[in-house]
Amino acid sequence: MRLLPCGSYAILVDLPDEAARRRFDRALRAARSTGFLADDVVEQVPAARTVLVRVRPGVEPASVARELRALASDDPVAELVADGELSELVVFTVYDGPDLDSLAQILGTSTDELVEWHTGSTWTVDFAGFAPGFGYLVRDEASEPPFDVSIPRLARPRTRLPAGSVGLAGSYSGIYPSASAGGWQLIGRTELRTWDAGRDEPARLIPGRRVRFEVAQ
């Protein structure tokens with residue numbers, strides 16, 4: 001890992017791969033929930049292979065470097081930290097997306113099997129990006145489907161798609177929080193508002209939260 005200064009009050013933790021980044025992000029989030037580093041770290045922002053760690057004004061970022069390194073290693077300190085708990089989010093989804101049939105053909109499966117895999121998988125918000133409230137969801141490794149899930153993005157992204165569109169791309173699933181352009185394969189839609197600036201917590205898809213999709217009745 002590398003610790004890179006980012007302004008006066010932040011450190012960018014650069015991890016070797018996505019798996020290491022997930023372990024570090026989980027450990028730091030859990031550590032903060034139990035009081036470890038809680039007085040020094042005020043925010044963490046995960047991305048694909050990095051975590052931006054913002055410290056409290058007046059705290060020297062270098063002073064927390066040792067603790068951050070311990071959380072990213074096999075140090076016993078990291079092993080003693082339990083995962084923080086976030087309530088599971090259930091997303092009721094209508095599976096009638098414009099790419100559902102064609103994607104099933106690409107994957108060599110049926111639409112029913114594709115929907116069954118999507119609803120039967122346990123998903124976790126890995127990190128946020130692209131737009132406010134957009135969470136990149138990764139599936140539990142135990143949710144292996146009977147087809148290749150390296151899902152291609154659209155050759156020509158749509159210039160506009162509706163808020164609540166549920167899509168797949170690569171190994172990720174996601175919910176578009178607002179009307180926008182997008183190149184993911186759309187398999188369904190939900191009425192759940194994943195971003196609302198008027199709420200106390202605007203984002204529903206917080207990194208680390210488990211998500212389960214269910215067919216809307």
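Are phenylalanine 127 and tyrosine 172 buried or exposed? Both phenylalanine 127 and tyrosine 172 are buried, a word that stands for under 20% relative accessible area, with exposed meaning over 50% and partly exposed in between (1.4 Å probe, protein chains only).

Before selecting anything, note that this is a predicted model, in which local features need pLDDT of at least 70 and side-chain atom pairs count only at pLDDT 80 or more, while totals for chains, interfaces and linings use all residues. Residues are numbered from 1 along each chain as its sequence is written, and side-chain values use heavy atoms, leaving out hydrogens and water.

Across the whole structure, a search finds eleven aromatic pairs; rings of Phe, Tyr and Trp (its six-membered ring) pair if their centres lie within 6.5 Å, and planes under 30 degrees apart count as stacked, over 60 as edge-to-face and the rest as tilted. Select tryptophan 117 and tryptophan 123, an edge-to-face pair with 5.6 Å centre to centre and 70° between the planes. Tryptophan 117 is buried at a relative accessible area of 8%, and tryptophan 123 is buried at 0%.

Next, select phenylalanine 127 and tyrosine 172, whose ring centres are 6.0 Å apart with planes at 85°, so this pair is edge-to-face. Phenylalanine 127 belongs to strand β6 (residues 123-128) and tyrosine 172 to strand β10 (residues 172-175), so the pair ties together parts 45 residues apart in sequence; strands (E, at least two residues) and helices (H or I, at least four) are DSSP runs, numbered from the N terminus.

Finally, go to aspartate 112 in helix α5 (residues 111-120), which is exposed with a relative accessible area of 63%.
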